[in-house]
Amino acid sequence: EWRLSNLIIQSLNLFPNINKYFVTNNFSDVQKLINKDDKILPHSYFHQLPRQPSSREIRNSKNINFPLISVNKKILSHVKRDFDIISKKKKVILISLTEDKLEFKSNLEEWLKFAQNLNKKLYCPIFISDHSFVSYSLFSEFKNNFYHKAVWSVELRAAAYQNAYLNMSVGHGPMELCYYNHKVKYIVFFKSSSMTYKPNNIRKLSGWKIGKNLSFANKYQKIIWEEDNFKNISREFKNSLRRLK
């Protein structure tokens, strides 16, 4: 109930093309609401499994802009002020950390090593953790670099992603706020391109192309189908810096 009220419904505020919503715990209600004249996107949608949208069919729709997320300017300004205080106006490398599920868990020691090796004159690591994160003691030297506000507000989290010079994370739920905002720059690690890695089966069913970037991603948005270890994180960070120049 908390997740529905504070995450799912909150997130609807980020989509300017949504002006009505309906909440139910009975899937049959959905079918009652949809009539034969309604246009459903994507065409492969069915309500038991969220679908990765086709950029072609959405771009061809006259009333829908894609990517879909738009962040309120006042919220963007609020988060920027917070970031300027934390970073002392250095370039923010925003690292999202998760311990929520084993298969998506961030390789915490490797991310810590990466943060420790950043050029402190140019960059400031700022961290967003998930609700179940408990390993704050490991990051004790960066205790003042956690942006806790974003954990409890989807809109603040979306604004944080857009304000960052670069976002870095493993692939997990909150990163959807990056995928659907063309103003966000990100590197996301999906751990593996093997179909023996369980999340990839779900991704394929949902329309992801395994081993590829999202079809609507721009040059500043990259999915890396490799483990989030220090070597890979550092390599892809350097590659992104060349694209950002």
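How many of the 10 residues of α6 are buried? Eight of them are, which leaves this helix mostly covered, where buried denotes under 20% relative accessible area, with a 1.4 Å probe and protein chains only. The model is predicted, and local features need pLDDT of at least 70, side-chain atom pairs count only at pLDDT 80 or more, and totals for chains, interfaces and linings use all residues. Residues are numbered from 1 along each chain as its sequence is written, and side-chain values use heavy atoms, with hydrogens and water left out.

The buried residues of α6 are Val154, Leu156, Arg157, Ala158, Ala159, Ala160, Tyr161 and Gln162, and what covers them includes α1 (2-11), α4, β1, β2, β3 (166-170) and α7. Helices (H or I, at least four residues) and strands (E, at least two) are DSSP runs, numbered from the N terminus.

One of the covering elements, β2, is itself mostly covered, with seven of its seven residues buried. Tyr123, Pro125, Phe127 and Ser129 point one way from this strand, while Cys124, Ile126 and Ile128 point the other way. β2 pairs with β1 in the parallel sense over seven bridges, pairing being assigned if DSSP finds at least two bridges between two strands, and within this arrangement Ile126 of β2 is the bridge partner of Leu94.

In the loop between β2 (123-129) and α6 (154-163) is Asp130, a residue that is buried yet has no salt bridge, the nearest side chain of opposite charge being Arg157, 7.3 Å away. A salt bridge would require a side-chain nitrogen of Lys or Arg within 4 Å of a carboxyl oxygen of Asp or Glu. The side chain of Asp130 instead makes a polar contact with the side chain of Thr98 (2.4 Å), and the side chain of Asp130 also reaches the backbone nitrogen of Phe133 at 2.9 Å. A polar contact is a pair of N or O atoms within 3.5 Å; within protein, one must be able to donate a hydrogen and the other to accept it, and residues adjacent in sequence count only if both atoms are side-chain atoms.

Definitions and conventions: Buried < 20%, exposed > 50% of the residue type's maximum accessible area, 1.4 Å probe, protein only. Lys, Arg positive; Asp, Glu negative; His and termini not counted. Contact = heavy atoms within 4.5 Å.
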